[in-house]
Amino acid sequence: MEILIIGGTRYFGKRLVTRLLAAGHHVTVLNRGSSPAPEGTTPLTADRDDESALRKALAGRRFDVVIDQVCYTPRQADVARRVFAGRTRRYVMTSTVEVYEYEDSATPVTEAAVDPSTVPVDLGLPWDDADFLDAHYGEGKRQAEAVFAAGTEFAWTSVRVAHVLGGADDFTGRVGHYARRIAAGEPIDVPAANRAATYVYVEEIAAFLAWAAEAEFTGPVNAHSHGPLTTADICAAIEELTGGRTVFRSTEVGTVSPFSFSRAYAMDNSRAESLGYRFSHTSQWLRKAIAETVRATTTNEEA
Ligand SMILES: NC(=O)c1ccc[n+]([C@@H]2O[C@H](COP(=O)([O-])OP(=O)(O)OC[C@H]3O[C@@H](n4cnc5c(N)ncnc54)[C@H](OP(=O)(O)O)[C@@H]3O)[C@@H](O)[C@H]2O)c1
């Protein structure tokens, strides 16, 4: 198939490219050119926020599937909805578990908890302001999904990705946050009621997106490994690898550590499994994932 990836130059985007190439697809990678497109792909350079530059870069090109790794706002979705009309058959938007940030559920959350066709869209919010966007990550993704749900000329799905763990190239610094504190015996701030969350291994989410690209289903789909994890599970894996001691400090107000959650919005992956995908269990990869990231963090800090 002819597949376009918007993004595709770091973390699981890179692994997705590798998988699609190995499956025999012709892969085009579009980004702003900060780093070279992966070997074996056709590079296109444009800022996806600039509609005319995007149209120019895509001139004459048609795709079976577009995988949009960097759609964070309804404005970006709106540009994509127009530009890719008549240019692709299928569109896969990489979304996030954070669309469920306001859920607090005793049972795992299904896709029905956030129906994008009911989410109001406000294109006038300051989506181009980096601080606003940072503070409204979940809202931006919800509204981006809602733009596609309101009507497109192509079939679309949004993959609601759990928190991703693993890889020497995890650039988010979240596991490093814990590793440094555990090594120094410094307190780790967590909410008084700290809920388990859902996670996925970096290679597994790349595999899932590649599978979603080849599939035909539409609408939102949750993507995560079985076996929710608590902050304590992640810290225990770090302790086992590095020694050190986890000290939790319960915090009522203010910022808590990145993988701690006062609301329970762990996802339910039964839609994806009923469509034919089989997820792993976190116990199969947690130690490996932590080791990959912690070893790289330590090496980088020593260098
Ligand atoms: N990490 C997690 O735990 C997690 C969890 C849930 C969901 N997600 C989702 O995962 C996605 C990111 O995946 P990834 O980190 O593997 O990324 P990726 O596919 O490699 O995409 C990142 C690349 O996109 C390019 N890009 C950024 N803005 C652009 C723009 N305006 N126009 C064109 N290209 C642009 C950048 O390259 P240039 O600088 O060269 O443009 C950047 O290196 C996001 O949608 C995020 O919400 C992540």
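**Helices and core of a predicted model**

In helix 3 (residues 74–83), the buried residues are P74, R75, Q76, A77, A80 and R81. Buried here means that 20 or more other C-beta atoms, placed from the backbone, lie within 10 Å of the residue's own. Helices (H or I, at least four residues) and strands (E, at least two) are DSSP runs, numbered from the N terminus. The cover over these buried residues includes strand 4 (63–68) and helix 5 (137–149).

This is a predicted model, in which local features need pLDDT of at least 70, side-chain atom pairs count only at pLDDT 80 or more, and totals for chains, interfaces and linings use all residues. Residues are numbered from 1 along each chain as its sequence is written.

Next come two packed helices. Helix 6 (residues 174–184) and helix 8 (residues 231–242) pack at an angle of about 55°, and their axes, lines fitted to C-alpha atoms over the stretch in contact, are 10 Å apart. From helix 6, Y178, A179, I182 and A183 meet I234, C235, I238, E239 and T242 of helix 8. By class, seven residues in this contact are nonpolar, one is polar and one is charged.

In soluble globular proteins, nonpolar side chains tend to be buried together. The largest nonpolar core has 78 residues, of which I205 and L209 touch the most other members. Helix 7 (residues 202–214) supplies the largest share of this core, eight residues. Beyond its neighbours within four places in sequence, L209 is in contact (C-beta atoms within 7 Å) with L16, I67, V92, T94 and V159.

How values were computed
A residue is buried if 20 or more other C-beta atoms lie within 10 Å of its own, exposed if 12 or fewer, and partly exposed in between; C-beta atoms are placed from the backbone. Two residues are in contact if their C-beta atoms, placed from the backbone, lie within 7 Å. Axes are lines fitted to C-alpha atoms, for helices over the stretch in contact, and angles run from 0 to 180 degrees between N-to-C directions. Ala, Val, Leu, Ile, Met, Phe, Trp, Tyr, Cys and Pro count as nonpolar, Asp, Glu, Lys and Arg as charged, and the others, Gly among them, as polar. A nonpolar core is a set of buried Ala, Val, Leu, Ile, Met, Phe, Trp, Tyr and Cys residues joined through C-beta atoms within 7 Å.
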